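Try each task before you read its solution.

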Amino acid sequence: MTHADLPTPPADLAAVERFARAVGDNVARVLVGKEAVTRLTLAGILTGGHILLEDAPGTGKTMLARAIAASLGLTFRRVQFTPDLLPSDVTGVSVYRPATGTFEFVPGPIFTGLLLADEINRATPKTQSALLEAMGEGQVTESGVTHRLPQPFVVIATQNPVEHEGTYRLPEAQLDRFLLKLSVGYPSLEEEVQMLGRLQGAHPIDTLGPVAGPEDLLAARAAVKAVRVSDELRRYAAALTARTRSHPQVTLGGGPRASLALQGVAQALAALDGRAFVVPDDIKAAAPAILSHRLSLRIEARLAGTPPESVVADVLRAEPVPADPAQAAGAL
Amino acid sequence: MTMTADPARSPPRSFDRSWLLLAAPLVGLSLWPLWLVAASMAVLALTRPGRPAAGARLLLLLLLAGLGSVPGLLAASDFSELVAAARTAFPLLLGVVLLSGGLRALEGGRRFLGTGELGLLLLGAALLGGGPGLSLGLGAGLFALLLAVLGAPGPEDRALRPLGGQGPALRWLLVAGAGSAALLTVLSLPLPTPPAWETERGELSRVQARIGGDFEFERQLGSNGENRYPQGLGSNQTRRYAPVDSRNLDNDKVILGGLLVMLAVVWIMWRTRSPRSRGRRPAWWELAALAGLLLTGGLLVLGSLTGDPAALSPSGGYAKLGGDGPAGLLSEQGGGSIRPYQKQEWLNTLNTVAFALLLLAAAALVWVGWHLTRPAQPEADGPEPLPTPAPEDTTALHRVRMAYRSALASLTQVGLGRAPNETPGEHAARVALTLPDLAEPLRQLLALYVPVRYGLLASEEGAAQAEAAARSVARLVRPISAPGAAVPALG
């Protein structure tokens, strides 16, 4: 359905809608036919979360991250994760200055607005875990000193699902830190042809300018938090998460952080539509990207090739949506 | 006027006071056993508005009330004790009916009616209850009554009433209720002795029954039907006892019990024939409600077998029949009025007519149940007027929700109802794929309904537009709901 006929949203939500439209249009200059994934990525950023992009090489994961950073006017750093990457290469290191006789902290590339952790699963678990504190707390502790990261701070990580040689699977704790796991997906034939025409000359990413600033992003985040979520929709979100824990093919389901993520991303999706309230469609739209990477499947399901997304689909099918009853079925 | 929520402020937190309604069973504390009070509260919690079992609350309460007499039934050594045990359930059955009615009224915002019904329960507890804890029980009951009244939800929290014309439906309900009450009153008028008592008996029969340990009834019939009282039984403590005979029935209760059993049969037929229900395993509350219906019906029939009419029915029934005359009327030791059979013949005629009317009503009920799954007949062309909501439900929020429900009911009728896991938007998209003509009115309706349902945003003009859209949906659906029309395949 469309919500074109809704009452006029409050001014700050209208601003969020304008902000999202501008960013989406800007990204669309670089990526063709990726409106859905762009929208979810924006929702994740508006919620204050970090995004994991998982897809085959050459599908535009890095380009999406760069386009988002350029559109939001965020400082952008890219770290290519490799097996020999050390935690200090990411977070920074204290260097001894003989002149002053003291240690001086040299910030790593993590001190940026948007960090692209490219092929994150190629780094060792130790280096991957170095991101934990930064992603969870927005700070880095080195030699007992805590350094705050600039705000807004967003991590967009990418990983390749088909290559397993020389990779280290992200631990569950690390996966849980990512608000969303998205797949960019291949473009359709028409979209690919359109992309070829657009990229024949200079790459548009080189000329992509910001359409908003970091302060706009922070204001939009504040507006998103004011979006109304009814009690029954909160219950619906929590019930979806709880159902993943009792699914027969799952050994470890979503936790309370997943429920919080469902609520937050649903609020952001509503705000992107200029709505001051969440509808069940927002939660259902967010659920696959939020829940699938938080599930640990049983060995039988893994051997059978069951993807976590199908478990999430099962959960969405099984959980009744809070809405007016169609009819009191069987009521005496 | 547009009502909007201030997004800068979180929605106000409010205590869900409808939980206070759970205190209602305490009103009968001085009359009911504690287990029944506790179990009734549990049933109320399980049947709160919006829950699947909400529609079966009365039947679940009846099941509870009936269960109390089951041990007595099982322990009965003869038929008379069986009847007496069944009768012990009657006050409990009446009490839970009052409880259920009062709660239903309070949940619907009809505080006076609800208070009145629960007040009747409290009054009954005061009159029939006893023991040293009576004052305490009545005090707790009064407090519980106040809590229950406080728990009546406000207009915005009330469960929506079904569409279909609240005003006319209520009037017809009142008329039907008054008619039933009049009929039952007529049926309970004093009637002459049934001829069965006049029949010849070959040998002396003797029946003794002890009810509740308080009274002993004894009667002996001679070979000509006359009463013979043994020596020493002529005191005032000795009452006449009418022998339990299947021909001596308290017709009103038999009919009521029979209707309940018939209702159970109709429900089973509906449950097995309805396309929506076929193949679906019955829920626990459906089975419990069915058991409640059957148990209540059985108890009413069993308890109506006339053992001692005078003890049973204060208004008479077959009681207060006096004299040892040739007509076979019993004389009450210590004195009693004589009601000649001939003078009350017209009452028997009236009783027979009433019985026939109730049988017809039961037959109509079966017919309705049998044809419940047939699609509705097409109505005349023209916009279908939406029912006028009750005065307290005239807010824009309720009008929009009722309009959506109306449209949903129309779609459900043609097999396009909303699945439990579908959002309203997903449902509308599916319907639009199947019936493209419905896409636009459904889009309009949802654009107004979704803000109401999830954002509490509504306007008067929006409510009117929603009602117009619901009428469009009903009009477009009507041709395919006609018998023989092809129902579109689900998308």
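**Exercise 1. Find the residues with the most contacts inside the largest nonpolar core, then see what surrounds one of them.**

Step 1. A nonpolar core here is a set of buried Ala, Val, Leu, Ile, Met, Phe, Trp, Tyr and Cys residues joined through C-beta atoms within 7 Å. Buried means 20 or more other C-beta atoms within 10 Å of the residue's own; 12 or fewer is exposed, and in between is partly exposed, with C-beta atoms placed from the backbone.

Step 2. The largest such core holds 122 residues, and A:L262, A:V265, A:I290 and B:L445 have the most contacts inside it. Its top contributor is helix 10 of chain A (residues 256–272), which gives 10 residues. Helices (H or I, at least four residues) and strands (E, at least two) are DSSP runs, numbered from the N terminus.

Step 3. Now pick A:I290. Skipping neighbours within four places in sequence, A:I290 contacts A:L179, A:L180, A:A258, A:A261, A:L262 and A:V265. A contact means that two C-beta atoms, placed from the backbone, lie within 7 Å.

Step 4. Apart from this core there's another one, of 63 residues, including B:A39 and B:L98.

A word on the ground rules: this is a predicted model, where local features need pLDDT of at least 70, side-chain atom pairs count only at pLDDT 80 or more, and totals for chains, interfaces and linings use all residues. Residues are numbered from 1 along each chain as its sequence is written, while chains are lettered from A and ligands numbered from 1 in the order in which they are written.

**Exercise 2. Work out how strand 3 of chain A pairs with strand 4 of chain A.**

Step 1. Strands pair if DSSP finds at least two bridges between them. Strand 3 (residues 92–97) and strand 4 (residues 102–107) of chain A share 6 bridges, in the antiparallel sense.

Step 2. Check one bridge: A:V95 partners A:E104 in strand 4 of chain A.

Step 3. Look at the turn. The two strands form a hairpin with 4 residues between them, and A:G101 there has a positive phi of about 70°.

Step 4. How many of the 6 residues of strand 3 of chain A are buried? The count is 0.

**Exercise 3. Decide whether B:L136 is buried or exposed.**

Step 1. Locate B:L136 in helix 7 (residues 134–150) of chain B.

Step 2. B:L136 is exposed because it has 12 C-beta neighbours inside 10 Å.
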